[in-house]
Amino acid sequence: MKRHLVGYAFISPWLIGFAVFTAVPFVISIYLSFTRYNVVTEPVWVGAVNYRTLLAHDPLFWKAMGITLKYAAIAVPLGIFTGVALALLLNLEIRGIAIYRTIFYLPSIVPVVATSVVFLWILNPQIGLVNGILRSVDIIGPNWLGSEDWAFTSLVLMGLWGVGGSMIIYLAGLKDIPYTLYEAAMIDGANAWHRMRHITLPMLTPVIFFNLVMGVISAFQYFTQAYVIMDATSGPNDSTLFYALHLFNRAWRYLDMGYASAMAWILFVLVMTVTLTIFRSHRRWVHYGN
Amino acid sequence: MAIDQTSARAGRTLLVLGILAFVGLVISFALPKPAERLYPERIPVRFWHMWTAEWKAVVDDIADRFNKSQDKYEVIALSIPPSGGETKFVLAVAGGDPPDVMAQWNPVIPSWVDSGLLQPLDEMMPPAQWRQLHSDMYPIARKIGMYKDHLYGVTVGLDLWACYYRPDDLRAAGVPDDRLPPTLEELFALGARLDRFDDHKNLTHLGFLPEGYLHTTPLFGNGFYDWESGKLTIYTPDNLRALQTLADAYQRLGFDNVSRFQAGIDQSSFSAGWPFISGHYSICVDGQWRVEQLAQYAPNLQYKTAPLPAPTGGRPLASFAGGNFMIIPKGARCPAGAWEFVKFWSGIENPERAAELYTKGGWLPLMPAITNAPAYQAYLKKYPQFKTFVDMLPSENIQTTPPVPYTIYLTDRVSVCGDLAMRGLQTCEEALRGLEKEIAQEQARRKEFGYAD
Amino acid sequence: MPTEALATAPVEPLHAPERRPARLRPSVGGTPTLSRTQKLITHAVLLLLCVPFVLPLVWMLCTSLKPETDIYSEKQPANAVQYLISMLPAHARWQNYPEALQTVPFATYLQNTLFLCICNVLFAVLSSAVVAYGFARINFKGREAWFMLMISTMALPDQVTMIPVFGFFRKLGLYGTFMPLILPALFGNAFFIFLLRQFFRTIPDELTEAARIDGATEWGIFWQIMLPLAKPALATCALFQFLSTWNDFFGPLLYINDPNRYTLAYGLQQFMSSYGGKWALLMAGACIFTIPIIILFFFAQKTFIQGISTTGSKA
């Protein structure tokens with residue numbers, strides 16, 4: 001009995017925090033999503049109006065949803081692919097590999113706001129670094145952040161620049177693969193491609209899985225980069241109106257907390273569905289064991 | 001043993017973190033800090049504004065003058081960057097720690113009043129004074145500051161837009177008398193003659209381009225609101241024509257070309273960083289406050305100002321007006337002090353004294369009494385180009401944002417609509433229809449919510 | 001739920017057994033050694049790939065030392081090499097830094113940021129350690145269920161709780177103070193609790209049993225035996241918390257009101273917003289914001305790398 005009490009005493013900080021900052025707000029936000037509410041005055045119950053309008057009459061909602069899904073579908077796999085590829089390269093035994101690792105890793109610790117400011121500068125279409133280099137070889141670079149077609153791509157590229165963090169995780173995963181597996185394979189005459197296909201990648205799947213889950217969860221909440229780089233706007237023709245940005249605007253620019261709460265709830269359901277789907281699938285492709 | 005190694009390393013990490021934090025703190029304490037309060041014994045009045053750089057200096061000076069003019073309050077001016085400035089204010093009022101007074105220039109009054117964020121200012125003065133002020137104010141100041149029969153914003157500087165141009169450039173293009181052509185169409189034609197390109201057809205010098213969509217509509221008609229019936233007018237032939245004119249101007253040069261050109265020149269809106277000063281524009285549309293900047297940063301530059309010529313069948317002396325207006329949020333801790341400051345700056349009680357403040361920032365006055373004050377007249381004599389704007393003030397063709405409760409949403413969407421057409425992503429017809437639909441949906445949503453309008 | 005896989009994931013102690021000597025370690029696809037040509041090709045590929053990763057940082061530093069007039073100059077370099085050389089500042093203009101520091105009060109921002117970092121690191125690491133100990137070493141009823149619940153909160157989007165939590169702080173009159181940015185740290189961080197729990201579980205029972213027989217309380221065991229042992233894991237958490245507080249933009253955006261309480265991340269964004277186009281000053285600001293983190297990285301490289309690696313292999 002006492003043991004139970006002591007146990008709960010130890011986890012009580014988290015329990016209190018969970019109640020105050022998660023559980024209660026979670027329930028309140030369900031309620032708020034059925035009201036009109038502007039924080040200053042009391043919420044007024046309006047029924048399912050928010051959800052109905054969102055789903056049927058708000059083209060911007062669908063646009064924002066589309067942009068966010070597109071980001072999750074492009075940036076996350078691209079990040080995984082690049083991360084794994086770099087990790088494979090950096091796992092080679094050559095001189096100075098530590099320096100290479102540092103160089104690839106460093107951008108990922110640059111604070112997000114600084115990264116955004118720097119990218120805004122290097123992607124300046126006229127006097128920025130990227131188009132400057134392109135111009136010197138007679139290519140006219142795109143109008144990156146200033147054009148509807150490229151603004152989104154610019155953000156994906158900016159995300160890739162910080163791939164070093166997940167690269168290190170893959171690298172650690174590679175180091176954990178027992179060498180005996182390769183020895184056995186080589187005795188069986190497997191070539192490099194086969195070893196990669198049948199040993200390296202399967203052994204790496206738990207780490208890829210982890211990065212996939214984390215990547216998708218954070219992609220759905222993508223906000224700061226878009227907010228900073230577009231200076232609180234939604235980009236050319238709303239092309240960087242991410243879901244979280246739209247939600248933020250609805251809440252704190254148009255003062256529509258009920259609407260924003262409904263949006264948050266749809267986001268929650270979406271994140272849960274996608275995460276669960278990934279978890280469902282994990283037995284099929286994630287390889288545990290030694 | 002591995003454990004010892006990792007443990008030692010961890011210890012070092014913690015040590016480095018500690019040292020870094022300590023050194024950082026020492027540095028941060030050693031570096032100069034913003035000045036402490038000058039009058040700690042007085043009641044503080046926290047004043048937010050969105051001016052930066054040299055404008056900030058002007059505003060600080062005005063706050064300073066107010067502080068010296070009396071001994072009860074101390075106005076503490078804080079600069080909040082314009083982008084996201086609205087959000088910051090909303091958060092502050094919603095969070096229960098608003099400033100006492102804020103200077104805004106975005107059309108926020110209707111939205112914020114309906115959300116219960118602002119105090120009616122007419123209730124802060126005796127009825128007789130309010131009646132007097134109401135009849136004294138320039139009509140446009142009333143349109144900007146009033147909503148649902150109450151005053152929520154006192155303009156401490158109206159802004160009007162008109163043409164700035166370089167007579168030398170005009171002469172080079174064969175315009176003998178330094179005057180702008182009589183119609184907008186001819187002005188565009190003249191602008192096209194003044195554009196310059198490099199070998200790769202990249203724009204290097206801009207002849208003429210108007211301001212955004214909202215600023216162009218008054219030249220063609222009533223804009224987005226019919227003040228008599230109190231209804232939004234979005235899809236109208238006039239608005240369509242305005243959008244078409246703007247879209248044509250951008251399509252002729254190529255939107256991308258213009259946007260690249262602008263990204264490559266110093267676009268910062270302060271000090272000498274104005275493309276008109278650096279010689280990248282021949283004719284441009286900008287606000288009257290540039291006169292003051294030109295005097296400071298390019299005193300020898302030959303330039304002239306004139307109202308935008310009307311398009312054929314359009315309206316003369318038309319412009320979009322904005323205002324720098326003072327608002328007092330609900331929940332302000334010292335509304336009385338805030339109101340004293342508003343009165344001081346706007347000149348409601350002492351127009352003669354306030355006239356000088358208006359000239360500091362190159363702002364247009366709230367009412368004729370200020371215009372006629374000696375200080376203001378002296379300013380007009382000193383800067384004859386400024387007079388263009390003052391003379392436009394009584395014009396009936398000056399529009400401002402419609403006073404509907406969703407103005408912020410409306411103006412956001414208007415600018416997206418203009419953007420779509422200027423980029424050529426949609427035809428003007430489509431873009432304007434799209435805007436109309438978006439606004440209708442917003443209205444329908446509000447109706448379902450049970451709002452009156 | 002994310003719980004399942006995280007919990008069933010292979011668990012390995014942070015102080016992993018010594019790895020095999022470098023020479024014997026496998027390389028890509030298990031190729032033990034590379035030929036000379038292969039090595040050269042690898043170097044070439046890596047060098048080429050380095051360029052996009054390193055150039056933005058170099059460019060940031062270079063711009064921060066240029067006079068404003070050089071930035072808007074319209075020289076047309078003939079080729080890429082010439083262009084890259086032209087991006088180096090002709091004379092380093094160090095004044096950009098004092099100017100940036102004067103234009104906005106970076107010193108104030110730095111002080112606020114550090115204050116928040118120190119509070120957050122102390123509170124989050126300590127509270128997480130306490131909770132993690134409870135989850136790892138005390139067998140109480142409902143432990144697994146609570147743990148699963150805690151893990152699943154990591155997938156909950158902040159947007160869902162943002163508005164009610166804002167309302168909560170507003171009711172307490174804490175809006176505009178540092179409290180909303182500090183208080184949550186007192187209640188532990190799910191991710192740290194997870195990491196520390198894994199660590200505590202690897203510590204052999206014998207170490208604690210002896211103390212228990214001597215009559216030590218649970219708290220005493222935690223405080224005197226476990227905490228000192230957990231230093232590596234604590235350092236990892238401290239580092240992560242430091243970085244996340246240093247970087248935090250959304251918190252100050254939502255809760256900080258008074259410019260005298262801005263943090264560096266928020267201050268830099270505001271600076272950019274107010275002084276767009278002043279690239280040299282902006283980059284100086286970005287450098288001031290970034291360099292401490294880079295210094296931190298070079299001093300605590302191993303903890304960085306190890307912390308991040310364990311993040312993955314724990315999962």
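1. Is Val26(B) buried, exposed or partly exposed? Val26(B) belongs to helix H1 (residues 2-30) of chain B, helices being DSSP runs of H or I of at least four residues and strands runs of E of at least two, numbered from the N terminus. Val26(B) is partly exposed, because its relative accessible area is 43%, where buried means under 20%, exposed means over 50% and partly exposed lies in between, with a 1.4 Å probe and protein chains only.

2. A note on the basis of these values: this is a predicted model, in which local features need pLDDT of at least 70 and side-chain atom pairs count only at pLDDT 80 or more, while totals for chains, interfaces and linings use all residues. Residues are numbered from 1 along each chain as its sequence is written, chains are lettered from A and ligands numbered from 1 in the order in which they are written, and side-chain values use heavy atoms, with hydrogens and water left out.

3. Val26(B) is also part of a nonpolar surface patch with Leu15(B), Ile19(B), Phe22(B), Val23(B) and Ile27(B), and together these residues have about 560 Å² of accessible area. Patches consist of residues with over 30% relative accessible area and no salt bridge, like charges being joined within 9 Å and nonpolar side chains (Val, Leu, Ile, Met, Phe, Trp, Tyr) within 5 Å; the areas come from the Shrake-Rupley method with a 1.4 Å probe, and for residues only the protein chains shown count as cover.

4. Over all chains, a search of the whole structure finds 35 salt bridges, each defined as a side-chain nitrogen of Lys or Arg within 4 Å of a carboxyl oxygen of Asp or Glu. One of them pairs Asp256(A) with Arg445(B), whose closest N and O atoms are 2.6 Å apart. Asp256(A) lies in the loop between helix H12 (243-252) and helix H13 (257-285) of chain A, and Arg445(B) lies in helix H19 (residues 428-449) of chain B, so the pair joins two chains. Both Asp256(A) and Arg445(B) are buried.

5. Two further salt bridges sit within helices of chain B. Lys387(B) and Asp391(B) meet at 3.3 Å, N to O, and they lie four residues apart, about one turn, in helix H17 (residues 384-392); Lys387(B) is partly exposed at 39% relative accessible area, and Asp391(B) is partly exposed at 46%. Glu436(B) and Arg433(B) meet at 3.2 Å, N to O, and because they are three residues apart in helix H19 of chain B, about one helical turn separates them. Glu436(B) is partly exposed with a relative accessible area of 30%, as is Arg433(B) with 40%.

6. As for chain C, 17 helices and zero strands are assigned, and buried residues make up 57% of its 315 residues. Chain C exposes about 12,900 Å², of which carbon and sulfur atoms supply 65%. Among its contacts with a separation of 6 or more, 81% come from residues 24 or more positions apart, contact meaning heavy atoms within 4.5 Å.

7. Asn249(A), in helix H12 of chain A, counts as buried because its relative accessibility is 11%. Leaving aside neighbours within four places in sequence, Asn249(A) is in contact with Leu241(A) and Tyr254(A). Asn249(A) and Ser234(A), 15 residues apart in sequence, are 9.6 Å apart from C-alpha to C-alpha.
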